[in-house]
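User: I would like to learn how to read salt bridges and domain contacts in a structure. Can you take me through one?

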Amino acid sequence: MKVEPAVSLRGDVAVPGDKSVSHRALLLAAIADGESEIRGFGRSADTLSTVAAIASLGASVSDEGDTIRVAGAGLRGLRAPAGPIDCGNAGTLIRLLSGILAGQDGRFELVGDESLSHRPLERIAAPLRLMGASVETVDGHAPLAVCGGKLRPIRYESPVASAQVKSCVLLAGLYAAGGPTTVVEPAPSRDHTERMLAGAGARVERRPPVATVWPAERLSPLSLDVPGDFSSAAPFLAAATLLPGSELRLHGVGLNPTRTGFLHVLERMGARISVYNRRQAGGEPVADLEITSAELVATEVAPAEVPLLIDELPLFALCAALAHGDSGVRGAQELRVKESDRVESVTRALRAAGVRISDTADGFRIRGVPARLRGGVVVDAAGDHRIAMLGALAGLLSREPIEVRGADCVAVSYPGFFDVLGSLVVR
Ligand code: S3P
């Protein structure tokens with residue numbers, strides 16, 4: 001995909017439904033008693049892996065486009081399919097589903113694509129074993145086998161601030177008879193699971209960085225409107241801020257405070273973003289955003305902020321590259337175990353485009369130069385949807401076009417990304 005330089009971005013966008021919320025809604029619907037309705041479903045390769053997974057486990061799914069209906073199998077009603085469950089590229093699926101399967105009868109095998117098979121699973125296997133499940137990995141990686149059984153509650157001090165680890169343990173906690181299961185994180189991560197569990201009638205307590213769930217008898221079916229995905233809105237926030245003369249409105253964007261670190265970091269750098277029409281959808285705060293372009297100044301992203309913008313750090317690096325002054329990110333070693341090693345892939349992609357960026361063990365240092373990037377190069381997406389989007393934005397902001405190799409992987413989270421971006425570009 002060749003991305004030509006742009007003058008500005010103008011128009012209106014409604015981004016797809018939130019990926020994290022869509023995965024969770026499908027998983028909880030699969031173990032609820034009765035029929036759930038998920039409206040504004042964020043259809044992507046990742047969430048379709050979850051649709052297929054819950055169907056193979058015995059939930060009955062009716063896919064009506066924007067709306068998905070799921071007849072739940074009940075809290076303990078999932079059954080092992082004949083073959084392995086294919087989690088595709090989706091870390092959220094393999095980790096959250098493992099927590100649920102730990103409470104079911106049977107042996108379940110979970111596999112993933114090449115990238116997912118390199119991502120760490122010991123971080124969920126260890127707490128699930130402490131709860132009494134049998135979990136086998138291949139050197140800490142997929143394929144993963146979970147043998148469900150009787151679980152006991154734990155208080156788990158997670159070594160990583162990861163919503164996937166926290167959610168896995170809390171979901172297993174629904175099955176842990178005898179008392180509450182608690183997860184303590186080094187810093188608060190996204191809390192969609194806690195919110196949705198409460199909405200389904202489970203007893204949950206949230207005191208970040210501590211979350212607790214009590215064992216449940218049943219979950220109520222869901223009826224929810226999925227908010228727009230902040231992480232899919234983020235590339236537009238960045239591009240409209242950086243391209244002079246831009247004016248963009250983003251409608252129905254989820255603004256859960258555990259997800260909006262990038263918004264606050266951009267504002268601190270001088271971005272001009274108005275938030276209006278605040279409302280609630282699916283137990284989550286939602287609003288419309290209006291972005292006009294602005295000159296940015298450098299900033300530092302501190303370790304405690306990292307979980308709040310973990311998936312937007314590649315975009316932060318690009319914004320920092322075009323800001324006045326030197327910026328940096330510390331405490332982001334988790335980036336190394338995402339869909340690609342994003343410390344490495346961001347550094348490589350931006351350096352190719354002409355940015356002065358260096359990688360550190362746990363982040364980046366970036367020298368800001370408020371001028372167009374050089375461009376005229378090939379950026380390899382490395383099979384990572386967020387790097388493909390980063391390459392596309394670098395192309396818009398360059399003097400010469402950028403060829404994004406392997407751009408199709410945007411379908412992992414946002415299949416229509418290039419069409420929507422193209423419809424907003426002023427050249
Ligand atoms: C996600 C949590 C984050 C994030 C991922 C989605 C989730 O991962 O990077 O894209 O849906 O819970 P970690 O929880 O492992 O940091």
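User: What do the side chains of Arg69 and Glu64 form?

Analyst: Side chains of opposite charge can pair when their charged atoms come close. The rule for a salt bridge is a side-chain nitrogen of Lys or Arg within 4 Å of a carboxyl oxygen of Asp or Glu. Arg69 and Glu64 meet in such a salt bridge, at 3.1 Å from N to O. This is a predicted model, where local features need pLDDT of at least 70, side-chain atom pairs count only at pLDDT 80 or more, and totals for chains, interfaces and linings use all residues. Residues are numbered from 1 along each chain as its sequence is written, and side-chain values use heavy atoms, with hydrogens and water left out.

User: Are Arg69 and Glu64 buried, exposed or in between?

Analyst: Read the relative accessible area: buried is under 20%, exposed is over 50%, partly exposed is in between (1.4 Å probe, protein chains only). Arg69 is partly exposed at 24%. Glu64 is partly exposed at 42%.

User: How many salt bridges does a search of the whole structure find?

Analyst: The search gives 31. One of them pairs Asp63 with Arg43, at 2.5 Å from N to O. Asp63 lies in strand E4 (residues 60-64), and Arg43 in the loop between strand E3 (35-39) and helix H2 (45-56), so this pair ties together parts 20 residues apart in sequence. Helices (H or I, at least four residues) and strands (E, at least two) are DSSP runs, numbered from the N terminus. Asp63 is partly exposed at 40% relative accessible area, and Arg43 is partly exposed at 32%.

User: Which residue forms a salt bridge with Arg279, and how far apart are the closest N and O atoms?

Analyst: The partner is Asp288, with the closest N and O atoms 3.3 Å apart. Arg279 is partly exposed, at 35%. Asp288 is buried, at 5%. Elsewhere, salt bridges that share partners join Arg119, Arg190, Asp311, Glu339, Arg342 and Asp384 into one network.

User: What does the domain assignment of the chain give?

Analyst: Domain bounds come from an automatic or database domain assignment. Here that assignment gives domain 1 (2-16 + 227-426) and domain 2 (19-225). Their C-alpha centres lie 29 Å apart.

User: How many residues of domain 1 and domain 2 are in contact, and what area is buried between them?

Analyst: Contact means heavy atoms within 4.5 Å. By that rule, 27 residues of domain 1 touch 23 residues of domain 2. Buried area is the accessible area (1.4 Å probe) that two parts lose on being put together, summed over both. For this pair of domains the figure is about 2,000 Å², with carbon and sulfur atoms giving 49%. Arg259, Glu339 and Val412 supply 24% of the area that domain 1 buries against domain 2, more than any other three residues.

User: How many salt bridges are counted between domain 1 and domain 2?

Analyst: The count is three. Asp311 also forms a salt bridge with Arg190, the closest N and O atoms being 3.2 Å apart. Strand E17 (284-292) and helix H11 (385-396) each supply at least two residues of the side of domain 1 that touches domain 2.

User: Where is Gly34 found, and which residues is Gly34 in contact with beyond its neighbours within four places in sequence?

Analyst: Gly34 sits in the loop between helix H1 (19-30) and E3. Those neighbours aside, Gly34 is in contact with Val70, Ala71, Gly72 and Pro221. Gly34 is partly exposed, at 34% relative accessibility.
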